Amino acid sequence: MLIKFFYTLRAAKLPVSVREFLSLLEGLKAGVIGAEGAASIDDFYYLARTTLVKNEALFDKFDRAFGAYFKGVELLTDFSKDVPLDWLRQHLQLELTPEQKAAVEAMGWDELMETLKKRFEEQKERHEGGNKWIGTGGTSPFGNSGYNPQGIRIGGSGKNKSAVKVWEQRAYKDYDDQLELGTRNIQVALRRLRRFAREGAELELNLDDTIQKTAANAGFLDIRMQPERHNKVKVLLLMDVGGTMDEHVHRVEELFSAAKTQFKHLEFFYFHNCVYDFVWKNNQRRFAEKTATWDLIRKYNKDYKLIFVGDATMSPYEILQPGGSVEYNNEEAGAEWLQRLTQGFPNYTWINPEPQGIWQYRQSIALIQQLMHQRMFPLSLSGLEGAMRLLSK
């Protein structure tokens with residue numbers, strides 16, 4: 001079985017060597033896992049990843065290959081808060097009519113947070129389908145799998161994309177910059193943002209000059225070299241990851257891969273929903289290895305082209321309200337940081353993977369468009385070409 005597993009990883013283009021595979025077998029033989037009983041599939045997953053994958057950037061590719069081979073395996077999410085998980089299992093999907101949805105009134109920010117505190121103090125058991133307690137289904141602003149225009153999602157998955165806070169530990173994956181593109185369209189679009197100059201050592205043959213000098217030298221070969229031409233454009237790429245962006249992972253990976261091949265001077269960072277006081281390079285260590293947003297503004301020159309990539313789909317609180325982030329208590333509103341970034345990098349744009357036809361129905365997208373001074377483009381061929389034309393001015 002494990003021989004086939006090895007070939008599955010190789011087929012997924014993971015650089016797994018025979019020596020690393022033998023290390024995995026030695027670990028199993030030595031009882032590294034399952035020493036006190038039967039080993040679980042999770043135990044094997046972590047042992048295999050530790051022995052076979054040496055580059056954290058490949059963890060996501062390994063996860064996909066592992067899941068494809070061991071069908072039906074689910075890695076459990078470890079919630080960091082003391083919330084009874086059995087309350088949060090979905091047993092009921094309540095379908096509401098438009099009239100019923102309109103009858104559900106959204107609480108204000110302060111009332112929402114104060115009410116949640118009271119619910120935790122009062123609630124003693126699981127609830128389903130109600131309009132008050134923390135549970136599943138229903139119209140309560142607390143829980144998951146129901147409907148409320150502005151609630152706090154606790155566990156489960158988002159359905160209406162309107163939660164103002166999310167109570168869970170979220171494991172985001174880095175975008176894979178090695179993804180092989182099925183089309184060159186994105187690369188072609190990005191090439192509109194080019195400014196070439198010759199730099200570096202003389203590594204490239206200057207054919208025209210060689211012919212001219214050889215002819216002038218009575219036919220004796222006179223080889224002339226010149227520095228290679230490189231794209232001098234500098235790009236700072238800030239990418240939204242996790243949550244509603246999970247629906248757009250493949251297309252963003254295509255864009256990321258194309259950008260890596262087109263721009264020699266490319267710096268990239270991640271954020272979630274809206275940029276606040278820090279960004280990060282590695283999604284597995286995003287709280288341990290932060291980069292202050294102020295440092296981006298101070299470190300990179302104004303000649304960097306700033307490109308945001310995100311669906312701009314979130315609660316308006318996340319943009320306008322201090323403490324509005326779904327993950328932590330941000331001291332300043334996201335709008336403040338977006339304004340600082342666009343002032344620090346005057347040549348900027350926002351690429352949105354959401355279909356342009358639904359932008360008018362999302363309040364948060366309208367807010368981001370205002371902050372971007374309408375410099376938002378869809379993640380399509382025409383959209384990318386428009387964004388690159390704007391940045392090349």
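Start by selecting V18: this residue is exposed, with a relative accessible area of 52%. The model you are viewing is predicted. V18 belongs to helix α2, which covers residues 18-29. Together with V18, they make a nonpolar surface patch of about 240 Å².

**Aromatic pairs**

Next, look for rings. The whole structure holds 18 aromatic pairs. Select F6 and F21. Their ring centres are 4.9 Å apart and the planes meet at 45°, so this pair is tilted. The pair joins distant parts of the chain: F6 is in helix α1 (residues 2-11) and F21 is in helix α2, 15 residues apart.

Move on to Y276 and Y328. Here the ring centres lie 6.1 Å apart with planes at 85°, so the pair is edge-to-face. This pair also links distant parts of the chain, 52 residues apart. Y276 sits in the loop between β8 (265-271) and β9 (278-280). Y328 sits in the loop between α11 (317-320) and α12 (334-344). Check their surroundings. Y276 is buried, with a relative accessible area of 4%, whereas Y328 is partly exposed at 22%.

**A cluster**

Select F5, F44, Y45, Y46, F62 and F66. These residues form one aromatic cluster.

**Charges over rings**

Two stops remain. Select R49 and F59: the charged end of R49 sits over the F59 ring, 4.1 Å from its centre. Finish with R340 and W337. R340 lies over the face of W337, 4.4 Å from the ring centre.

Key. Residues are numbered from 1 along each chain as its sequence is written. This is a predicted model: local features need pLDDT of at least 70, side-chain atom pairs count only at pLDDT 80 or more; totals for chains, interfaces and linings use all residues. Side-chain values use heavy atoms; hydrogens and water are left out. Patches are made of residues with over 30% relative accessible area and no salt bridge: like charges are joined within 9 Å, nonpolar side chains (Val, Leu, Ile, Met, Phe, Trp, Tyr) within 5 Å. Accessible areas come from the Shrake-Rupley method with a 1.4 Å probe; for residues, only the protein chains shown count as cover. A salt bridge is a side-chain nitrogen of Lys or Arg within 4 Å of a carboxyl oxygen of Asp or Glu. Helices (H or I, at least four residues) and strands (E, at least two) are DSSP runs, numbered from the N terminus. Buried means under 20% relative accessible area, exposed over 50%, partly exposed in between (1.4 Å probe, protein chains only). Rings of Phe, Tyr and Trp (its six-membered ring) pair if their centres lie within 6.5 Å; planes under 30 degrees apart count as stacked, over 60 as edge-to-face and the rest as tilted. A charge sits over a ring if NZ of Lys or CZ of Arg is within 6 Å of the ring centre and within 35 degrees of the ring normal.
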